[in-house]
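Subject: Structure handover

Hello,

Please find the structure below, with notes on what turned up in it. The notes come after the model, grouped by topic.

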Amino acid sequence: MSVGAANYVIMVLCLVVGTLEVPLSPQHERQAGHRLATPVKCERGQSSLWTPCGDDLCCCLEPLADCSGQNLSYIPAFFEFSNISHLDFSYNSLQAIDKKTLENVTSFTNIALEKNSLAYVHPNSFQNFTALRALNLDLNHLNDSAGLFLALKVTTSLENLTVNGNKLDSLDFSHVAQLRNLRFLHIRNNTIGNVETKDVEVQDNLVHLGLSKNVLSMFPEFCADNNTPIFPNLRYLNLEWNKITSLDDMGCLPNLSTLILSGNAIYNTKTNFLQGLPSLRTLFYKTCTSRFVEGSAFNHSGLQHLDVSENLWFFDHIYGKGINLDVFKFMPNLQTINISWSVFHFANESEMHRVLSPLTHVKEFIMRGTGIESIPRIVMANFTNLTYLDVSDSEIPYLADNTFENLTNLRNLTLSYNFMTTFSERLLEPLLKGNQVITLDFSGNPFSCQCDLLWMIKNFQDQKAGSNFVFLNRDSYICTHPPTMVGVRLEDVSLSDQACIFNYNTYIAILLVSIFTVVITLLCALIYREWSERGL
């Protein structure tokens, strides 16, 4: 099999297995349209290994049958290919799945019916399936979750089900639990406003549940009637961009390690609200816009990664009356924190110290767009474990040479889109101990492309193997001074050592001559004055 054919098979197999939480891309739509133009030529990745199959309406390359984008209203048979087990039937025109719709593919393991016009699934449509493991029903018109799960109940081998972008308005965990081997369930971008949990049996296999972009108003109940976990092995839960306003009960999730709550309108973030999640390691809490955040809100001994960016929390005594400055206390194992687009512009050093001092052990610290005019002293002095620091999109005009003298573990530094015109070479000297490679992003600053910046220009233009610096976003390093250099990319600046040495020597010579002239003038004035007094 050629490389092109292999790559194409991998791409389509990913489609068949189902997307985890990713919406359809415009590129995919264009590719589907292209297949409409060449339905049976089977030119996939410039390979001749694809063979017409399925009534010459599809293209096969074991184990995949690709029938996508053909405007088909039925699924053909593939008798001539005994090893076909994956079907991509996306972008076609199925309107319903009746008892006979799938009769030609009952032995298949992976089926993608994405972007058809499905509005109905017959209760017996999957009764003869023996090995189905992954089913993709994204972007259809299904509105009956009870009927769907009833039909799928007989598929005892089903592990991955995606029903993103349909019209489901409710979900009953008792129906989900009947799919005993289901491990991944994604029902993103529907209109689910309620989750029922009555008469639910424990389902041990579900590990990944995606319910983002629905209209849930409260955190779903995950406890069965006897207060035992419905999904005791659930590890990933995505509830972002719902309408959840409070988080009063988050129990019965003993193994949950990743929780995504971003985009909900949670009015009050209460103290210790994570204590019912003993295995939590990663929390996304972006754009929740809480008006009130209590002290020690994120208190959790096991939490390692926290993203509270884009909340516009004001950490100061003027505007931040509802935000307790002790919000980040008691997270001893935290490794990564993102507090970007919070507001520190009005905070004094004492307030910044109080907010950030519980975080001195973190390794990755991201505070983009916070309005700071200098890196907080607590960060420079005490964040000694940092390997990654991002203070981009701020208002920093200058950094002293000793800014990073305590941050010797730093390997990734982002200072992009600040107000800095030049960077001293001595600024980065503490980071070069041990001859480590440092990744830098200084893009978007208003560079003054003169001799003070020569060291950076040389390193920027000479990115050879073994260089200590790797510059990111290279096209966004633009000169804004002197006038003759405005708009010139750093890549194109012509500035030599000789010119800068000459300029420096000239400067020294002029300075010395000026000093000598001033001294001689003063001496002459004194001598003249003395002679004048004697003459008198």
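The torsion about the S-S bond of Cys451 and Cys500 is about -90°, so this disulfide is left-handed. The two sulfur atoms of Cys451 and Cys500 are 2.3 Å apart; a disulfide here is a pair of cysteine sulfur atoms within 2.5 Å. The link connects distant parts of the chain, 49 residues apart: Cys451 is in the loop between strand E25 (447-448) and helix H7 (454-461), and Cys500 is in helix H8. Helices (H or I, at least four residues) and strands (E, at least two) are DSSP runs, numbered from the N terminus. Cys451 is partly exposed at 28% relative accessibility, whereas Cys500 is buried at 10%. For these words, buried means under 20% relative accessible area, exposed over 50%, and partly exposed in between (1.4 Å probe, protein chains only).

This is a predicted model, in which local features need pLDDT of at least 70 and side-chain atom pairs count only at pLDDT 80 or more, while totals for chains, interfaces and linings use all residues. Residues are numbered from 1 along each chain as its sequence is written, and side-chain values use heavy atoms, with hydrogens and water left out.

Other disulfides

A search of the whole structure finds six disulfides. Counting the bonded cysteines along the chain, their pattern is 1-4, 2-5, 3-6, 7-8, 9-11, 10-12.

Cys53 and Cys60 form one of these links, with their sulfur atoms 2.1 Å apart. The link of Cys53 and Cys60 is right-handed, with 85° about the S-S bond. Cys53 is buried, with a relative accessible area of 0%, and Cys60 is buried at 1%.

Another disulfide joins Cys223 to Cys252, at 1.8 Å from S to S. Cys223 lies in the loop between strand E13 (208-210) and strand E14 (236-238), and Cys252 in the loop between E14 and strand E15 (258-260), so the pair ties together parts that are 29 residues apart in sequence. This link is right-handed, with 100° about the S-S bond, and both Cys223 and Cys252 are buried.

Nonpolar core

The largest nonpolar core has 137 residues. Such a core is a set of buried Ala, Val, Leu, Ile, Met, Phe, Trp, Tyr and Cys residues joined through side-chain atoms within 4.5 Å. Leu161, Leu283, Tyr285, Phe298, Phe328 and Phe365 have the most contacts inside this core. Among the elements that give two or more residues to the core are strand E2 (58-61), helix H3 (145-152), helix H5 (349-356) and H7. At least three residues come from each of domain 1 (49-168) and domain 2 (363-494); the domain bounds come from an automatic or database domain assignment.

Salt bridges

How many salt bridges are there? The count comes to ten, where a salt bridge is a side-chain nitrogen of Lys or Arg within 4 Å of a carboxyl oxygen of Asp or Glu.

In one of them, the closest N and O atoms of Arg133 and Glu159 are 3.2 Å apart. Arg133 lies in the loop between strand E7 (120-121) and strand E8 (134-136) and Glu159 in the loop between H3 and strand E9 (160-162), so the pair ties together parts that are 26 residues apart in sequence. Arg133 is partly exposed, at 45% relative accessible area, and Glu159 is partly exposed at 26%.

Glu491 forms a salt bridge with Arg474, with 2.7 Å between the closest N and O atoms. Glu491 is in the loop between strand E27 (479-481) and H8, and Arg474 is in the loop between E26 and E27, 17 residues apart. Both ends are partly exposed: Glu491 at 31% and Arg474 at 25%. Asp475, Arg489 and Asp492 are linked in a network of salt bridges.

Surface patch

Ile515, Val519, Ile520, Leu523, Leu526, Ile527 and Trp531 form a nonpolar patch on the surface, with about 670 Å² of accessible area together. Patches are made of residues with over 30% relative accessible area and no salt bridge, with like charges joined within 9 Å and nonpolar side chains (Val, Leu, Ile, Met, Phe, Trp, Tyr) within 5 Å. Areas come from the Shrake-Rupley method with a 1.4 Å probe, and for residues only the protein chains shown count as cover. Ile515 lies in helix H8 (residues 497-535) and is partly exposed at 45%.

Regards
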